[in-house]
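Subject: Structure handover

Hello,

Here is the structure you asked about. Please open it alongside this note, then read on for what turned up in it.

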Amino acid sequence: MATHSDGILVSASGISTPVEINGHVVERVVKYLPADFYTQFLSDTAKGRKFSPIRGLFPLENKPGVISLLAGKPNDAMFPFKSLSFNIASPTDPSQEQSISLSGNDLSAGLQYGPTGGLPRLLKWFIGLQAFSHGRKSGEGWSLTIGNGSQDLIYKAVNALVNPGDAVLVESPVYAGIIPMFKTLHCEQIEVATDANGVCSHLLRDILENWPVGKPKPKILYTVPCGCNPTGMTATLERRKEVLQLAREHNFLILEDDPYFYLYFGKAARPLSYFQLELDEPEVGRVIRFDSFSKILSAGMRMGFASGPKRIIDAMDLHTGSANLQSSSLIQAITLALVEEWGYNNFFAHTRAVADFYREKRDVFESALNEHLGGLAEWCTPEAGMFFWFKLLISPNQTPGVDEGDSEDLIRTKAYEGGVLALPGTVFLPNGRKTAFVRASFSLCTEEQVNEALKRLRAVLLKERGEA
């Protein structure tokens, strides 16, 4: 073990990673926090979970020569499926189709119970993807698990880390799907304001440095740093580094929910993820990252994976083992067939095409915003994702920052009666306060539909302002 200046013990072991310094390639040892460091973060529920007496022994079946009488697996000879085939669009030429089939051992693996954390070959492929996308290598104290979409994994991470009544840090506005998780646990949700550049790190510092004496500080910060749902913001590199520094200073973990990572279409280079940026810290192990294939392969397949400290991932797997055993073997097998057929280069060709598609959708929506709501709303242009977050200027004579109005009734009732459906901003605020903001998705509507929707919203807004 070694000790850094902040007094935290870290494993002296690590992986040597080649890095270039002043034109010379040198080996950098990536140090990571030891497993027992995370005991302080685990919830009482997570600490009380035990390995399944059956699933915990599954790996022993792989020993050559062992005859297993262990698991109650059905005999796959009685499964009626003999082969599956499907066509996919070529990642380099969408007008062309490729055929992929599942049969033999690959199909058998997809039809049978599988390992709690995921099929080994798919886990290996995802670990390789994290190396390409985030510069992370195996041997750095982290592991990876597959879930039924990233939402499933976020829920399990929250349950592994949070006790009822805990204070938790959440960016605000925040993804609405996270709010019920914390409310169910009766958590105190501490809102950390965001702007177009991400989490306002100076406000986060102020919260933590003025935390009540004797009250346990939050153990986690939840954030969607790229193409945020709902605000569309992408956190800058500077903000991310400042948040990472605060995580070390005040000893919290970052839940990096990044479903729009591959939907980045900004002109500047995409900022590095928290998962990658922590490689520049004295040690790694404060980021739990959640990836999703819902936006790039299929939302209905429910394919997501989490990467983070092995101790935390193991705790999440224990939850899976007692809740739903595993994510679907068949969906994993289909995903594996696809990504192995493509390889990493074609996978990235596909994600670039996806990002280009949403950039065009973004441009169409913003053009319509300018035409129909110019002077009636304010917004920042998103550089990733599929959402616009705009403030309605509900009163023609309002003073900026002073009682700017509430979009809830206007959007929920009046706009809907006028033929347009969107979400009032209040649903994305953990404490439910009033706001003039609205979230609109640009992923599905045609250009004609976008223009008609915003034309209708304009009419409703003008009537509300007394200008119709």
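Buried means under 20% relative accessible area. Keep that cut-off in mind for what follows. Note too that this is a predicted model.

**Strand S7**

Start with strand S7, residues 167-172. Six of its six residues are buried, so by that cut-off the strand is mostly covered. Ala167, Leu169 and Glu171 point one way from S7. Val168, Val170 and Ser172 point the other way. Both sets are buried.

Which strands does S7 pair with? One is S8 (residues 188-195), joined to S7 by six bridges. The two strands run parallel. Within S8, valine 192 is the bridge partner of glutamate 171, and alanine 193 is the bridge partner of serine 172. Another is S10 (residues 220-223), joined to S7 by two bridges and also parallel to S7. There, tyrosine 222 in S10 stands opposite valine 170.

S7 also belongs to a right-handed β-α-β unit. The other parts of that unit are helix H5 (residues 179-184) and S8.

**The sheet**

Now step back to the sheet. Eight strands form an open sheet with mixed pairing. The order is S6-S13-S12-S11-S10-S7-S8-S9. The edge strands are S6 and S9 (198-199), and each pairs on one side only.

Seven bridges join S13 to S6, and the pair runs antiparallel. In that pair, tryptophan 142 stands opposite proline 309 of S13. S13 is also joined to S12 (residues 287-292) by four bridges, again antiparallel. Here phenylalanine 290 has alanine 306 in S13 as its bridge partner.

**The core**

In soluble globular proteins, nonpolar side chains tend to be buried together. In this model, the largest nonpolar core has 116 residues. Which members touch the most others? They are Phe126, Leu129, Leu204 and Phe390. Helix H10 (residues 329-373) gives the largest share of this core, 15 residues.

Beyond its neighbours within four places in sequence, phenylalanine 126 is in contact with Leu144, Ile146, Phe293, Met303, Phe305 and Thr335.

Is arginine 362 buried or exposed? Its relative accessible area is 11%, so arginine 362 is buried. Arginine 362 lies in helix H10. Not counting residues up to four places away in sequence, arginine 362 touches Phe265, Thr381, Pro382, Glu383, Phe388 and Phe442.

Aspartate 152 sits in helix H4 (residues 149-161). Aspartate 152 has 17% relative accessibility and therefore counts as buried. Aspartate 152 and alanine 306 are 154 residues apart along the chain. Their C-alpha atoms are separated by 9.9 Å. Alanine 306 is the residue paired with phenylalanine 290 above.

**Pocket and cavity**

Rolling a probe the size of a water molecule over the atoms shows where empty space is left. How much space lies in the largest pocket? About 1,100 Å³. The lining has 43 residues, of which Gly114, Pro115, Thr116, Gly118 and Pro120 are the closest to the centre of the pocket. H9 gives the most, with seven residues.

There is also one cavity of 30 Å³ or more. About 70 Å³ of space lies in the largest cavity. Its lining is made of 14 residues. Glu140, Gly141, Val284, Gly285 and Pro309 lie nearest the centre of the cavity. Pro309 is the residue that tryptophan 142 stands opposite.

Best wishes

Notes: Residues are numbered from 1 along each chain as its sequence is written. This is a predicted model: local features need pLDDT of at least 70, side-chain atom pairs count only at pLDDT 80 or more; totals for chains, interfaces and linings use all residues. Side-chain values use heavy atoms; hydrogens and water are left out. A nonpolar core is a set of buried Ala, Val, Leu, Ile, Met, Phe, Trp, Tyr and Cys residues joined through side-chain atoms within 4.5 Å. Buried means under 20% relative accessible area, exposed over 50%, partly exposed in between (1.4 Å probe, protein chains only). Contact means heavy atoms within 4.5 Å. Two strands pair if DSSP finds at least two bridges between them. A crossover is right-handed if, with the strands pointing away from the viewer, the path from the first strand over the helix to the second runs clockwise. On a 1 Å grid over the protein atoms alone, a cavity is a set of points where a 1.4 Å probe fits but cannot get out, and a pocket is an open set with protein on both sides within 12 Å along at least five of seven lines; lining residues have an atom within 4 Å of a point. Grid points are joined across faces, edges and corners, and a volume is the space filled by probe spheres set on the points.
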